[in-house]
Amino acid sequence: MGSPQTLRVAAAAEAGSLAVLLLNLVTVHWEPVSSVTGPVHGCAYLFVVVLAFRSDRRAATRIASLVPGIGGLLVLRTVEPRSRRPAEPASSPTPPSEPSGSRRPRGSRWCVPRVPPA
Amino acid sequence: MTKFLLAVHVLAAIIAIGPVTVAASMFPAVARRAASGSPRELTVLRTLHRICRVYATVGIVVPVFGLATASSLGVLGDAWLIASMALTACAAAVLVLLVLPRQETLLGGLAKQPAEHDTRMPARLAMYTGMFNVLWAVVTVLMIVRPGSTTGV
């Protein structure tokens with residue numbers, strides 16, 4: 001609990017369940033779908049809020065988590081802006097021209113450099 | 001659909017609140033033993049605190065699906081349910097504001113200086129944990145007895 005993976009799952013559930021609710025509303029309006037997806041969306045929203053408040057002390061992250069529907073996705077943007085990029089393949093050799101990394105530990109998933117080495 | 005919502009609500013209550021009740025009750029006793037400096041007891045203490053923290057978060061499912069069930073049954077205005085919701089809010093407040101922060105403080109103190117921690121702190125923590133357990137027990141009994149209820153679910 002509290003890991004970025006948990007936050008990602010909660011954020012996906014929050015946005016996904018809202019999409020299902022809205023889609024159901026404008027199409028078939030099937031009552032059982034609303035009554036099941038509604039509480040699921042409520043749980044996902046509260047999970048996102050709790051995880052965001054626990055993992056980050058910044059006001060921007062905490063306020064973003066309170067936004068209905070897309071709060072989780074907004075939190076992911078502020079918490080891990082670089083991890084959305086594909087990670088370096090583990091087998092690729094590190095070019096010798098790359099600086100030895102004063103800012104990041106080598107192999108850290110969270111600190112992929114913005115500019116890929118030439 | 002009411003039966004499904006009620007099943008999720010009851011399952012979540014058993015799976016999420018049960019571990020919190022047990023782990024939080026064991027915490028003060030293990031904390032006393034960990035004060036003797038045993039690294040094994042400190043590891044157990046960390047695990048107990050983690051169980052409390054994680055399952056307290058999972059416990060969010062219980063009131064959310066409980067509200068959905070009550071709304072589906074049309075009993076949101078019943079006195080027994082309003083009393084249960086108020087007591088649940090009190091129990092959640094005790095857990096989040098009193099029990100979990102004190103567990104964290106105790107754990108931090110024992111990890112640094114096991115010999116110099118305040119011996120009264122586990123006792124106070126045990127009292128707050130007892131309050132939490134009593135509140136949950138009262139809510140559970142209210143959910144079963146439902147004084148004044150006419151629904152058969």
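## Basis of the model

Residues are numbered from 1 along each chain as its sequence is written, and chains are lettered from A and ligands numbered from 1 in the order in which they are written. Because the model is predicted, local features need pLDDT of at least 70 and side-chain atom pairs count only at pLDDT 80 or more, while totals for chains, interfaces and linings use all residues; side-chain values use heavy atoms, leaving out hydrogens and water.

## Helices of chain B

Chain B has five helices and zero strands, in the order α-α-α-α-α from the N terminus. Helices (H or I, at least four residues) and strands (E, at least two) are DSSP runs, numbered from the N terminus.

An unreviewed UniProt entry lists residues 6–31, 52–73, 79–100 and 125–145 of chain B as "transmembrane region". UniProt positions follow the numbering used here, feature names are shortened, and annotations may be inferred rather than shown by experiment. Residues 6–31 are 100% helix, and their end C-alpha atoms lie 37 Å apart. Residues 79–100 are also 100% helix, with end C-alpha atoms 30 Å apart.

## Where the two chains meet

Two packed helices are described by the angle between their axes and the distance between the axes. Helix α2 (residues 31–55) of chain A and helix α2 (residues 39–58) of chain B have axes that come within 10 Å and cross at roughly 145 degrees. Axes are lines fitted to C-alpha atoms, for helices over the stretch in contact, and angles run from 0 to 180 degrees between N-to-C directions.

A:Phe47, A:Val50 and A:Arg54 make this contact from α2(A), and B:Arg53, B:Thr57 and B:Val58 from α2(B). Contact means heavy atoms within 4.5 Å.

## Core and burial

Of the 153 residues in chain B, 39% are buried. Buried means under 20% relative accessible area, exposed over 50%, and partly exposed in between (1.4 Å probe, protein chains only).

The largest nonpolar core has 48 residues, and B:Phe27 is one of those touching the most other members. Such a core is a set of buried Ala, Val, Leu, Ile, Met, Phe, Trp, Tyr and Cys residues joined through side-chain atoms within 4.5 Å. Helix α1(B) gives the largest share, 11 residues. Beyond four places in sequence, B:Phe27 touches residues including B:Leu45, B:His49 and B:Leu106.

## One buried threonine

B:Thr88 lies in helix α4 of chain B. With a relative accessible area of 18%, B:Thr88 is buried. Leaving aside neighbours within four places in sequence, B:Thr88 is in contact with B:Trp136 and B:Val139.
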